[in-house]
Amino acid sequence: MDRRVLALDQGTTSSRAIVFDGAGRPVGVGQHEFRQIFPRPGWVEHDPEDIWQSQLAAARDALALAGITAGELACVGVTNQRETTLVWERATGRPIHNAIVWQDRRTAAAIDAFRARGLEPLLRRRTGLVADAYFSATKIAWILDNVPGARASAERGDLAFGTVDTWLIWKLTGGTMHVTDRTNASRTMLLNLETMDWDRDLMAAFRVPAAVLPLIQPSVSRFGETAPEILGSSAPILGVAGDQQAALFGQACFEPGMAKNTYGTGCFLLLHTGARRVVSESGLLTTVAAGATSSPLFALEGSIFVAGAAVQWLRDGLGVIATAAESEEVAASVLDSGGVVVVPAFVGLGAPHWDMYARGAIFGLTRGATRAHVVRATLESIALQTLDVVEVMEAAAGLTHRELRVDGGAAVNDLLMQIQSDVLRRAVVRPRITETTALGAAYLAGLGAGVWPGLDTLTEQWEAGRSFQPRLADDGRERLVRRWRRAVERVKGWEDM
Ligand code: ADP
């Protein structure tokens with residue numbers, strides 16, 4: 001008893017909550033979608049109240065389904081969509097603007113201006129990030145500059161900024177705690193990775209007043225108590241991490257060289273580098289990894305823009321499959337892709353190519369090419385993009401990982417996972433519990449509450465569901481990789497500048 005942990009998993013399109021038992025098994029799940037707001041092309045917002053209400057409803061559902069009250073919880077953990085930016089009034093808790101979501105491009109010009117001032121090398125050194133509108137700093141400044149009177153109130157200390165974790169904790173604690181964790185802070189362009197504190201020079205460069213910023217804590221620490229009226233009785237919030245870092249933790253990747261890849265719309269690949277802060281020249285990000293203690297830990301992060309989205313394109317764009325799951329059956333109906341190569345550079349290419357002008361293409365068509373070849377080549381493209389990122393990551397970190405742990409919606413595709421193992425030439429392991437993001441938040445909080453004595457217990461508890469071993473002969477693999485590399489070269493710079 002009293003060993004259950006509630007994990008809140010606040011995502012981009014829905015809020016989820018899962019109650020885990022002492023063995024790390026889910027015993028109650030709640031999920032509520034909420035509204036996406038697109039005020040203009042390239043702008044994406046959420047109503048902060050929607051974020052909160054959907055999360056609260058999910059938490060109450062999860063508790064009800066687990067058949068417990070909040071009083072029976074050992075603790076609460078929080079994980080969240082990262083970078084999304086909120087600003088609210090400290091006195092009333094009222095947001096002064098909608099949340100600006102990570103995908104929002106409205107501050108692209110502010111980033112260009114930042115670069116033009118020659119500040120990007122400083123940013124890279126201090127924060128491990130590239131200058132991009134994706135991160136929070138320029139979004140904070142945009143709100144302060146566009147809501148009448150906001151900048152002056154911010155300077156007076158009347159406003160609070162938060163990423164989604166901070167907002168949820170503020171609400172959960174009845175407006176008493178204004179805190180964030182290091183992993184979320186590392187996505188703002190304001191966290192100095194050396195000091196693990198806000199960086200004065202970057203605050204000045206992005207025009208973010210100190211008075212709006214939350215206190216930064218390690219991922220396992222006391223973030224406050226939920227106010228009794230919220231869930232029926234109070235529970236301590238003891239673990240917080242951004243979604244990708246939580247997934248790395250939920251995959252029990254605690255050591256340097258351990259890596260996970262999440263196959264969703266895009267892919268998020270994280271390689272643990274331990275206490276070492278590796279700086280990459282290939283556009284990978286250095287990010288804070290969640291740890292059980294207050295010693296800072298790091299990871300390299302690479303993202304692939306189009307992964308599962310390429311399968312959606314097969315379904316909705318080409319109409320050659322009826323469901324995403326059908327991609328497996330259709331691809332398996334041929335032995336290989338028959339020389340067909342699909343490069344899904346629909347929105348350009350990310351790491352390690354970084355070409356915003358690249359566009360997608362299908363190569364190697366012959367009279368014998370069928371939809372099955374195209375579908376199979378699309379699955380291969382997801383695995384091959386992952387290979388490209390793994391190679392630059394390992395080169396930057398000087399580490400080789402033995403196996404890749406996988407999760408996300410497309411990781412259920414066994415054929416894709418087999419192809420992934422074949423091109424990486426190493427094991428690909430899918431855990432039994434694929435809710436790794438929520439599980440990571442639960443693990444962090446549970447460590448704080450003593451539900452689990454330490455990382456060894458979690459390592460033992462983590463259970464492989466299915467493991468894929470490389471099977472493809474070397475020459476087949478070489479041919480696949482060579483063709484892929486040739487195709488990628490040909491799509492670069494396609495779109496007129
Ligand atoms: P996100 O969190 O980015 O919305 P999810 O983790 O929910 O993504 O995964 C959804 C993605 O996975 C979609 O892009 C979908 O096309 C893809 N997907 C779902 N099932 C399969 C499958 N069986 N095979 C390949 N791709 C799949």
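Predicted model: local features only at pLDDT ≥ 70, side-chain atom pairs only at ≥ 80, totals over all residues.
Residues are numbered from 1 along each chain as its sequence is written, and side-chain values use heavy atoms, with hydrogens and water left out.

Phenylalanine 135 is at 1% relative accessibility and therefore also counts as buried.

Now the rings. A pair of aromatic rings is described by the distance of the centres and the angle of the planes. Rings of Phe, Tyr and Trp (its six-membered ring) pair if their centres lie within 6.5 Å; planes under 30 degrees apart count as stacked, over 60 as edge-to-face and the rest as tilted. The whole structure has ten aromatic pairs. In one of them, phenylalanine 114 and phenylalanine 206 have ring centres 4.4 Å apart and planes at 15°, so this pair is stacked. Phenylalanine 114 sits in helix α2 (residues 108-116) and phenylalanine 206 in helix α8 (residues 200-206), 92 residues apart, and the pair links these distant parts of the chain. Helices here are DSSP runs (H or I, at least four residues), numbered from the N terminus. Both phenylalanine 114 and phenylalanine 206 are buried. Tyrosine 134 and phenylalanine 135 also pair, with 4.8 Å between centres and 55° between planes, which is tilted. Trp88, Trp167 and Trp170 are linked into a cluster by ring pairs.

Next, the ligand. It is surrounded by 14 residues, and the closest are Thr265, Gly308, Gln312, Gly409 and Asn413; a residue is near if one of its heavy atoms lies within 4 Å. Helix α11 (residues 308-318) gives the largest share of this shell, four residues. A polar side-chain atom of threonine 265 is 2.6 Å from an oxygen atom of the ligand. For glycine 308, a backbone N or O atom lies 2.9 Å from a ligand oxygen atom. A polar contact is a pair of N or O atoms within 3.5 Å.

Last, helix α13 (residues 371-397). This helix has 27 residues and reaches 39 Å from first C-alpha to last, close to the 39 Å expected, that is, 1.5 Å times one less than its number of residues. Of its 27 residues, 23 are buried.

How values were computed:
Helix = DSSP H or I, 4+ residues; strand = E, 2+ residues; numbered from the N terminus. Buried < 20%, exposed > 50% of the residue type's maximum accessible area, 1.4 Å probe, protein only. Polar contact = N/O pair within 3.5 Å; in protein donor to acceptor, adjacent residues only side chain to side chain.
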